[in-house]
Amino acid sequence: MTDPEISRDNNNKYRESFTATIGETISQAVRIITGEPALVIPATVILHHQKKAAAVRKQHENTGLFIPPIFILSITSRCNLACSGCYMHGRGEKPKAEMSMEILASAVSQAAELGVSIIVIAGGEPFVRHSEILALAKAHPSILFPVFTNGLLIDDAIADSVAACHNIVPVISFEGFREATDQRRGSGVYDRLIRTCRRLKDRAVFFGCSVTTTRENFDDVTSDAFIRQMTGAGARVFTFVEYVPMAPGTENLVLTHEQKQTLQAVLAERNRKFPALFIGFPGDEKAYGGCLAAGRGFVH
């Protein structure tokens, strides 16, 4: 077998592995919420649609067109916070014009037709455009829309709207416990986020938290104490995003090689131990043959 053929076979293997991981993750989510009747039917429907989307992608792959299962849409650079080390501010760019609702709707419709399973909504703070997020999710009930948010704009009215739209999954940013979260995001933010979690939990919304994982907070955010605190608040998805330095002088916050290796084992153990999903990003790149960007696993 020639080198190009070997490379193509390896890429096919990595794509199949990543697709299988997504399916297993969605299936695990369904198992987690089986005790909540209000969510069981929507979750089962979403799982069915995820399998159909995977079949569509496979059909395209047979013709030489490789469709990533995940599409990331950064819909705004606006934000109601100015967190230290924010990548959006760290780039030092002037805010760009936002995509119109017409363009967003077209992009999502094209992605759905191609078999994209999950569309991640990012910002800035995405909920500054909450009405448009809700419109997209309602127009495409077969697609899962995780929304990475600082959580502060989710008032009772938005929480009600999200609760009525079962394919939106808010993923709220925490830095760990109160001190670490307030230090980066502002005094009192932690307590406000816990109130947001309570709103979502009271409405049986499937939601999670996103943790920027650094060399300094690694032990805290992977501890049983933090996991129990957040699952008690209602979080059922934990996304651990490895810190990427944007500000000069913060390179010492990058995870050590040992921590990167340990993280994957810790998340696997937490998935077995707690009734929640634990996801690392960028994840085990070695298992997937390198970075999943540029269409290998997702496109931004």
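Which elements cover the buried residues of α11? The cover includes α9 (218-221), α10 (224-232), β6 (237-242) and β7 (277-281). Notes on this and other parts of the structure follow.

1. Ground rules. This is a predicted model, in which local features need pLDDT of at least 70, side-chain atom pairs count only at pLDDT 80 or more, and totals for chains, interfaces and linings use all residues. Residues are numbered from 1 along each chain as its sequence is written, and side-chain values use heavy atoms, with hydrogens and water left out. Helices (H or I, at least four residues) and strands (E, at least two) are DSSP runs, numbered from the N terminus.

2. Helix α11. This helix spans residues 257-273 and has 17 residues. From its first C-alpha to its last it reaches 25 Å, close to the 24 Å expected at 1.5 Å a residue. The expected span is 1.5 Å times one less than the number of residues. Gln-259, Leu-263, Val-266, Leu-267 and Arg-270 are buried in α11. Buried means under 20% relative accessible area, exposed over 50%, and partly exposed in between (1.4 Å probe, protein chains only).

3. Helix α8. Residues 189-202 make up this helix of 14 residues. Its reach is 20 Å from first C-alpha to last, close to the 20 Å expected at 1.5 Å a residue. Buried here are Val-189, Tyr-190, Leu-193, Ile-194, Thr-196, Cys-197 and Leu-200. They sit on the same side of α8, because they cover an arc of only 155° around the axis. The arc is that of the directions from the helix axis to the C-beta atoms. The cover over these buried residues includes α6, β4, α7 and α10. Ala-204 follows α8, and its phi is positive, near 60°.

4. Asn-167. Where is Asn-167 found? It is in the loop between α6 (156-163) and β4 (168-174). Asn-167 is buried, with a relative accessible area of 4%. Its side chain reaches two backbone oxygens: that of Ala-137 at 3.1 Å, and that of His-140 at 3.0 Å. A polar contact is a pair of N or O atoms within 3.5 Å; within protein, one must be able to donate a hydrogen and the other to accept it, and residues adjacent in sequence count only if both atoms are side-chain atoms. Not counting residues up to four places away in sequence, Asn-167 touches Ile-46, Ala-137, His-140, Pro-141, Ile-143, Leu-144 and Phe-145. Contact means heavy atoms within 4.5 Å.

5. Lys-138. This residue lies in helix α5 (residues 130-139). Lys-138 is exposed, with a relative accessible area of 57%. Lys-138 and Asn-167 are 29 residues apart in sequence and 8.3 Å apart in space, C-alpha to C-alpha.

6. Aromatic pairs. How many aromatic pairs does a search of the whole structure find? It finds 4. One of them joins Phe-177 and Phe-226, edge-to-face, at 5.6 Å centre to centre with 85° between the planes. Phe-177 lies in the loop between β4 and α7 (178-185) and Phe-226 in helix α10, so the pair ties together parts 49 residues apart in sequence. Phe-177 is partly exposed at 25% relative accessible area, whereas Phe-226 is buried at 0%. Phe-274 and Phe-278 form a tilted pair, 6.3 Å centre to centre, with 55° between the planes. Rings of Phe, Tyr and Trp (its six-membered ring) pair if their centres lie within 6.5 Å; planes under 30 degrees apart count as stacked, over 60 as edge-to-face and the rest as tilted.

7. Aromatic cluster. Phe-238, Phe-274 and Phe-278 form one aromatic cluster. Phe-274 and Phe-278 are both buried.
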